[in-house]
Amino acid sequence: MSEQDMAAGEEVMWAGRFISAKRRGRWEYVGRARGIRAAAILAIDEDADGRRHVLLVDQFRVPLGRRCVELPAGLVGDEEEGEDAAIAAARELEEETGYRPDRVELAGEFCSSPGMVSESFFLYRAHGLQKTGEGGGVGGEDIRVHRVPLDELDQHVAAWRRDGFALDVKLLLLLGGAIMA
């Protein structure tokens, strides 16, 4: 990026309810509208025998034209201005998966796709999970819940790929060891 691009002001070319198309110098990108943020949740559930499972979801994603397997996630402040991200993360986890955490711990803020999207998300680790329902989201979201044994995740990912699912980049968090081996 040139100094001229860096010095240019941000121009909103189009704004919708949830996203805005923007320009800064020669660069065009997309961002969340109205200061809305996102939270993703890493939820690991453990059986009585110690076997660990990760809670994942899949849902149809219009930009991809297919279902996508992802960490549970949701918007912060889309309905309540100033909403605390930790509260939103716990709420979204329960809505999407049917598991309520005793607490969530912030792992950090991360950028989604910094070459074209200004969005970042807060990653939370959920602790003390309690099953409260079936999950599936709200209002016809058609979210499917997957409780996947961590030691079988690579096989599930391969099967999802064969079945034509998209895979969210945040799954790399869980696949890192297998990819690096």
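**Notes on the predicted model**

1. Helix α3, which covers residues 153–162, has Leu153, Val157 and Trp160 as its buried residues. These residues lie on the same side of α3, because the arc they cover around the axis is only 65°. After α3 comes Gly164, with a positive phi near 90°. It should be kept in mind throughout that the model is predicted.

2. Strand β6 (residues 66–70) deserves attention next. Four of its five residues are buried, and β6 is therefore largely enclosed by the rest of the structure. A residue counts as buried when its relative accessible area is under 20%.

3. Which strands pair with β6? One is β5 (residues 52–61), which runs antiparallel to β6 and is joined to it by five bridges. Within this pairing, Phe60 has Arg67 of β6 as its bridge partner. The two strands form a hairpin with four residues between them, and Gly65 in the turn has a positive phi of about 70°. Another is strand β13 (residues 166–167), which pairs with β6 in the parallel sense over two bridges. There, Cys68 stands opposite Ala166 of β13.

4. A second hairpin is made by β2 and β3, with two residues between the strands. The pairing of β2 with β3 is antiparallel and extends over six bridges; Ser20 has Gly31 of β3 as its bridge partner.

5. Gly25 is found in the loop between β2 (19–24) and β3 (27–32), and in this hairpin Gly25 takes a positive phi near 65°. Is Gly25 buried, partly exposed or exposed? Its relative accessibility is 30%, so Gly25 counts as partly exposed; that class lies between the limits of 20% and 50%. From Gly25 to Leu173 the C-alpha to C-alpha distance is 34 Å, and the two are 148 residues apart in sequence.

6. Two charged side chains lie over aromatic rings. Arg34 is placed over the face of Phe18, at 5.8 Å from the ring centre. Lys170 is placed over the face of Phe121, at 4.8 Å from the ring centre. As for contacts between aromatic rings, the count comes to one pair.

7. The largest pocket has a volume of about 1,600 Å³. Its lining consists of 45 residues, and those that lie nearest its centre are Arg32, Arg61, Glu70, Leu75 and Glu119. Which elements supply at least two residues each to this lining? They are β3, β4 (37–46), β5, β6, β7 (73–76) and α2 (85–97). Helix α2 gives the most, with four residues.

8. Finally, the chain as a whole. The protein chain has four helices and 13 strands. Its C-alpha trace spans about 60 × 40 × 30 Å along the principal axes. Of its 181 residues, 36% count as buried; among them are Leu153, Val157 and Trp160 of α3, together with four of the five residues of β6.

Note on methods:
Residues are numbered from 1 along each chain as its sequence is written. This is a predicted model: local features need pLDDT of at least 70, side-chain atom pairs count only at pLDDT 80 or more; totals for chains, interfaces and linings use all residues. Side-chain values use heavy atoms; hydrogens and water are left out. Buried means under 20% relative accessible area, exposed over 50%, partly exposed in between (1.4 Å probe, protein chains only). The arc is that of the directions from the helix axis to the C-beta atoms. Two strands pair if DSSP finds at least two bridges between them. Rings of Phe, Tyr and Trp (its six-membered ring) pair if their centres lie within 6.5 Å; planes under 30 degrees apart count as stacked, over 60 as edge-to-face and the rest as tilted. A charge sits over a ring if NZ of Lys or CZ of Arg is within 6 Å of the ring centre and within 35 degrees of the ring normal. On a 1 Å grid over the protein atoms alone, a cavity is a set of points where a 1.4 Å probe fits but cannot get out, and a pocket is an open set with protein on both sides within 12 Å along at least five of seven lines; lining residues have an atom within 4 Å of a point. Grid points are joined across faces, edges and corners, and a volume is the space filled by probe spheres set on the points.
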